[in-house]
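This briefing covers one protein chain.

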Amino acid sequence: STEGVTIQDGDTLNVRVFNQDPLSTHEKVRADGKITMPVIGEVMARGKRPAALATEIQERLKSVLNAPSVTVTLERAQT
């Protein structure tokens, strides 16, 4: 389980926005700790748990979506 895992540079994140494929993304966390999302732009991901990042993205999407639902899955942590 990746429950207690925090996101690190180089991890790959699968960001799903429910019913909003154009806003969903599959991004590698850059060396500056950020990912770039459609519409809302750069989001700091490093050091956060996937669930916390999902909540943050959800908050930022509220300016463009009525009731956004976001899930973040950590695909491959660096070993």
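The model is predicted.

**Overall dimensions and packing**

- The radius of gyration of the protein chain is 12 Å, which agrees with the value near 12 Å for a compact globule of 79 residues.
- Along the principal axes, the C-alpha atoms of the protein chain occupy a box of roughly 40 × 25 × 20 Å.
- Of the 79 residues in the protein chain, 35% are buried.
- When contacts between residues at least 6 apart in sequence are considered, 40% of them link residues at least 24 apart.

**Nonpolar core**

- The largest nonpolar core contains 19 residues.
- Within this core, the residues with the most contacts are L13, V15, L53, I57, L61, V70 and V72.
- At least two core residues come from each of β1 (12–17), β3 (34–37), α1 (50–61) and β5 (70–76).
- The helix α1 provides the largest share of the core, namely four residues.
- Leaving aside residues up to four places away in sequence, I57 touches V15, M37, I40, V43, V70 and V72.
- Among these partners of I57, V15, V70 and V72 are also listed with I57 as having the most contacts inside the core.

**Salt bridges**

- The whole structure has six salt bridges.
- One of them joins K48 and E56 through their side chains, with an N to O distance of 2.6 Å.
- K48 has 22% relative accessibility and therefore counts as partly exposed, and E56 is partly exposed at 26%.
- Another salt bridge pairs K62 with E59, at 2.9 Å from N to O.
- Both ends of this pair are partly exposed, K62 at 46% relative accessibility and E59 at 46% relative accessible area.
- A separate network consists of R30, D32, K34 and E42, which are joined by salt bridges that share partners.
- Within that network, E42 and K34 form a salt bridge whose closest N and O atoms are 3.6 Å apart.
- E42 is partly exposed, with a relative accessibility of 41%, and K34 is likewise partly exposed, at 26%.

Technical notes. Residues numbered from 1 in each chain as written. Predicted model: local features only at pLDDT ≥ 70, side-chain atom pairs only at ≥ 80, totals over all residues. Heavy atoms only, no water. Salt bridge = Lys/Arg side-chain N within 4 Å of Asp/Glu carboxyl O. Buried < 20%, exposed > 50% of the residue type's maximum accessible area, 1.4 Å probe, protein only. Core = buried A, V, L, I, M, F, W, Y, C linked by side-chain atoms within 4.5 Å. Contact = heavy atoms within 4.5 Å. Rg over C-alpha atoms; globule rule 2.2 N^0.38 Å.
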